[in-house]
Structure formats: structure tokens, C-alpha cells
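This report describes the strand pairing, nonpolar core and salt bridges of the structure shown below.

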Amino acid sequence: MSTDALLMVLIIFSINIVYVSFFTVRMIMTLKGYRYLAALLSTVEVVIYVVGLGLVLDNLNEIQNLVAYAVGYGTGVIIGTKIEEKMALGYITVNVITTEENRSLPRILREKGYGVTDWDANGLDGLRKAMQILTPRKYELKLYATIKELDPKAFIIAYEPKTIHGGFWVKTVRKGKLFK
């Protein structure tokens, strides 16, 4: 393969990584409600897409360009999801069920700044403490680590809430006082 052909493969590969990374982040921003930022991002995204696709279509007889396009696309999906994980937009709600002996867990989590609602529950083996915890996604892994450290046998389920309204915790987040 000549130097020009190799350069073309690298350019097509790189363009598609950037395009698909933008696409992935834009899609997630749209789903999270950042519509204006997503629209701005899509403007850049479509220019990158047209340039990359144009290069492939102009050189369709070169199979390595098509392969570079496909591999760049797959790589872009991985990189885009990694970028989104680092951005950690939005919030998560974590439901935790812990044993009766660990009644201090809600208090400890509240002291660390998490919004915790707790109640007594009954499980197969007796009394349990159930909790619902709301936190920004950027603190998700830290929350899991804290729970597992305090109760390695805790049952944890997490999901993303679509709407959040009211409560002291929302006011605290808006004032920027969470986890300080």
C-alpha cells in the first residue's frame, strides 16, 4: 500500500471516529434534554459525516477505505460512550435494600451529601432497611463503593429518573451545595 493510500485510510478512520463520537454524545444530550447544545453539535457532526462519506465514495474501488470507515465507526461508538461516561450528565436513583443490622447506612449516606429516603421493609429472611437515593451520575461509582464498603451484601438497583421535582435535595443541587 502506498503512502497516499495509507494516509487516506488513516484520514477516513479518524474522521469516522470523530463523527460517531459526536453522534453518540449528541444523541445522549438530546435524550437528557440539552436540545440546543445537541443541535449545535449536530451541525458540526453532519459536516464531518459528509466529508468522511465523500472520501469513501470517491474512492469506492479501494476496499481498505471501506474497512477503515467501518472500523472507525465501531471505534467511534466506543469512544463516544466513554466520553458520555466522563460527562456523566443527569442523575440516577439507586434503590438499596440492606440488612436490619445496618441501620446506620441511611444516616452515613446523608452525612456524605446523598439524598436518602429510607423505610423499614420485610424480606424473605426478616426485617430489612430499604432506601431510595438520588445522586448526580458523576457520583454514582462513589456511591456504590460507599454502600459496598458499609454493607457488602446490600442489594442495589439503579435507574435514571426522567423527572425530578421538589424536595430539599433538588434545592441543594441548584444552590451548588451538594457534597461540600
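Which residue in S3 does Val94 stand opposite? In this predicted model, Val94 stands opposite Ile133 of S3, and Ala158 is the residue that Val94 faces in S4. Strand S1 pairs with S3 in the antiparallel sense over nine bridges. With strand S4 (residues 155-159), S1 also pairs in the antiparallel sense, over five bridges.

The largest nonpolar core comprises 14 residues, and Val96, Leu109 and Ile133 have the most contacts inside it. Two or more residues each come from strand S1 (91-99), helix H4 (105-111), strand S3 (126-136) and helix H5 (140-150). Among the residues touched by Val96 are Leu105, Met131, Ile133, Ile147 and Phe155. Elsewhere, Val46, Val47, Val50 and Val51 make a nonpolar surface patch of about 330 Å²; Val47 is found in helix H2 (residues 35-58).

The structure holds eight salt bridges, including those tabulated here.

| Salt bridge | N to O distance |
|---|---|
| Arg26 and Glu45 | 2.7 Å |
| Arg137 and Glu84 | 2.6 Å |
| Glu111 and Arg107 | 3.0 Å |

Arg26 and Glu45 are both buried. Arg137 counts as buried because its relative accessibility is 14%, under the 20% limit. Glu84 is likewise buried, because its relative accessible area is 9%. By contrast, Glu111 counts as exposed at 58% relative accessibility, and Arg107 is partly exposed at 43%. Glu111 and Arg107 both lie in helix H4, four residues apart, about one turn of the helix. A network of salt bridges links Arg110, Asp118, Asp120 and Lys129.

Notes
Residues are numbered from 1 along each chain as its sequence is written. This is a predicted model: local features need pLDDT of at least 70, side-chain atom pairs count only at pLDDT 80 or more; totals for chains, interfaces and linings use all residues. Side-chain values use heavy atoms; hydrogens and water are left out. A nonpolar core is a set of buried Ala, Val, Leu, Ile, Met, Phe, Trp, Tyr and Cys residues joined through side-chain atoms within 4.5 Å. Buried means under 20% relative accessible area, exposed over 50%, partly exposed in between (1.4 Å probe, protein chains only). Contact means heavy atoms within 4.5 Å. Patches are made of residues with over 30% relative accessible area and no salt bridge: like charges are joined within 9 Å, nonpolar side chains (Val, Leu, Ile, Met, Phe, Trp, Tyr) within 5 Å. Accessible areas come from the Shrake-Rupley method with a 1.4 Å probe; for residues, only the protein chains shown count as cover. A salt bridge is a side-chain nitrogen of Lys or Arg within 4 Å of a carboxyl oxygen of Asp or Glu. Two strands pair if DSSP finds at least two bridges between them. Lists of a residue's contacts leave out its neighbours within four places in sequence.
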